[in-house]
Amino acid sequence: MIPRTQLALLYGALALLAGSCATGDEPQGSPPHHHHGSSQDPEPPPPAAPMPSDEAASEAAHVPPDPPQHPMGDMAHSEMTGMMQMDDTARTSKLLFDQLEWRNTAEGGAAVWDAEGWYGGDYDKVWLRSEGERVGGTTQNARADLLWDHTFARWWSVQAGGRQDFGRGPSRTWAAVGVQGLAPYWFDTEATFYVGEQGRTAVRLKTEYELLFTQRLILQPEGEANLYGKADPARQLGSGLSDLEIGLRLRYEMRRELAPYVGVVWSRSFGATADRLRESGGDPSDVQFVAGLRAWF
């Protein structure tokens with residue numbers, strides 16, 4: 001039997017040991033142990049500040065411009081559009097010498113021109129076209145068209161007016177109506193129908209294309225055909241397809257406004273026009289070398 005005194009001491013030691021375990025006392029100097037989910041856990045550290053984005057960095061590095069030295073102030077609408085050149089109703093003009101060249105024809109050296117000019121607004125213009133040939137100081141075949149030009153679609157306009165033929169043979173006057181514009185694949189196109197005196201009719205078709213080799217070197221194929229509904233013996237013209245001309249020119253743009261060129265032109269007359277040309281001692285088919293200048297103002 002254990003004496004009561006020793007038993008009481010044993011119970012007291014066990015009670016002290018149980019109390020120490022219940023209160024979670026830990027030896028001094030040891031790091032505290034954190035239990036998951038405990039309300040006494042310290043708060044997590046705040047997240048790191050985000051790095052600035054490229055846009056924010058660009059804004060931070062941007063230096064605003066200096067304030068205007070001469071404030072514009074209030075002004076009328078007409079004054080503002082004139083100063084900023086934004087007037088859609090402004091009148092503009094242009095003069096283009098598409099061909100101003102020398103050719104070696106069977107009759108000798110020839111001076112040839114193909115020019116046009118216009119004046120007007122975005123939708124309505126006065127248009128002047130002229131082309132012709134001079135051999136030995138004499139004008140052989142030449143024409144001038146004075147037309148009203150109206151834009152009716154993107155890249156296209158309708159034209160109406162008159163044409164005057166002069167040079168070899170009697171002069172002729174025609175009424176004219178046609179279209180011109182930029183066909184698919186960037187072909188500049190003209191198609192004009194003419195009605196003249198004594199029931200004469202004619203159609204003129206012309207197209208050209210610009211092929212860019214380098215920034216300044218341009219190859220320009222071109223073709224033109226004329227058809228007449230009625231023969232005109234006085235001007236050596238037969239009915240039907242009268243003539244066809246195909247040219248190939250290589251030009252160098254010293255500036256956009258000024259470009260010398262060289263090239264070759266093949267021309268051919270057909271039907272009664274070719275017969276009349278043979279009767280006068282000419283050749284209905286000819287190849288000519290050309291050199292000239294293209295300029296616009």
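Which residues does Tyr228 touch, not counting residues up to four places away in sequence? Before the answer, a word on the model itself. This is a predicted model, in which local features need pLDDT of at least 70 and side-chain atom pairs count only at pLDDT 80 or more, while totals for chains, interfaces and linings use all residues. Residues are numbered from 1 along each chain as its sequence is written, and side-chain values use heavy atoms, with hydrogens and water left out.

Now to Tyr228. With residues up to four places away in sequence set aside, Tyr228 touches Arg143, Arg163, Trp174, Thr201, Ala202, Leu237, Gly238, Ser239, Gly240 and Ser242; contact here means heavy atoms within 4.5 Å.

Let us step back to the overall picture. The protein has four helices and 13 strands, where helices (H or I, at least four residues) and strands (E, at least two) are DSSP runs, numbered from the N terminus. Of its 297 residues, 28% count as buried. Buried means under 20% relative accessible area, exposed over 50%, and partly exposed in between, with a 1.4 Å probe and protein chains only. The accessible surface comes to about 20,000 Å², and carbon and sulfur atoms hold 62% of that area; such areas come from the Shrake-Rupley method with a 1.4 Å probe, and for residues only the protein chains shown count as cover. Among contacts with a separation of 6 or more, 43% are between residues 24 or more positions apart.

Tyr228 also belongs to the largest nonpolar core, whose nine residues are Trp118, Trp127, Leu147, Trp174, Ala176, Tyr194, Ala202, Tyr228 and Leu237. A nonpolar core is a set of buried Ala, Val, Leu, Ile, Met, Phe, Trp, Tyr and Cys residues joined through side-chain atoms within 4.5 Å. In soluble globular proteins, nonpolar side chains tend to be buried together.

The aromatic rings deserve a look next. A search of the whole structure finds four aromatic pairs. Rings of Phe, Tyr and Trp (its six-membered ring) pair if their centres lie within 6.5 Å; planes under 30 degrees apart count as stacked, over 60 as edge-to-face and the rest as tilted. Trp174 and Tyr228 make a tilted pair, because their ring centres are 6.2 Å apart and their planes stand at 55°. This pair links distant parts of the chain, with Trp174 in strand S6 (residues 172-183) and Tyr228 in strand S10, 54 residues apart. Both Trp174 and Tyr228 are buried. Phe187 and Tyr209 form another tilted pair, 4.8 Å centre to centre with 35° between the planes. Here too distant parts of the chain are linked: Phe187 is in strand S7 (residues 187-196), and Tyr209 is in the loop between strand S8 (201-208) and strand S9 (211-212), 22 residues apart. Phe187 is partly exposed at 34% relative accessibility, and Tyr209 is partly exposed at 24%.

Trp174, Tyr194 and Tyr228 form one aromatic cluster. Arg163 lies over the face of Tyr194, at 4.4 Å from the ring centre, and the charged end of Lys125 sits over the ring of Trp118, 5.3 Å from its centre. A charge sits over a ring if NZ of Lys or CZ of Arg is within 6 Å of the ring centre and within 35 degrees of the ring normal.

Arg204 joins side chains with Glu224 in a polar contact of 3.3 Å and with Glu131 in one of 2.9 Å. A polar contact is a pair of N or O atoms within 3.5 Å; within protein, one must be able to donate a hydrogen and the other to accept it, and residues adjacent in sequence count only if both atoms are side-chain atoms. Beyond four places in sequence, the contacts of Glu224 include Glu131, Arg143 and Lys206. Glu131 and Asp114 are 17 residues apart in sequence, yet 4.2 Å apart in space, C-alpha to C-alpha.

Finally, two loops hold backbone details. Most residues other than glycine have a negative phi. Trp155, not a glycine, has a positive phi of about 75°; it lies in the loop between strand S4 (138-153) and strand S5 (156-167) and is exposed at 57% relative accessibility. Gln236 has a positive phi near 55°, sits in the loop between S10 and strand S11 (240-252), and is partly exposed, with a relative accessible area of 26%.
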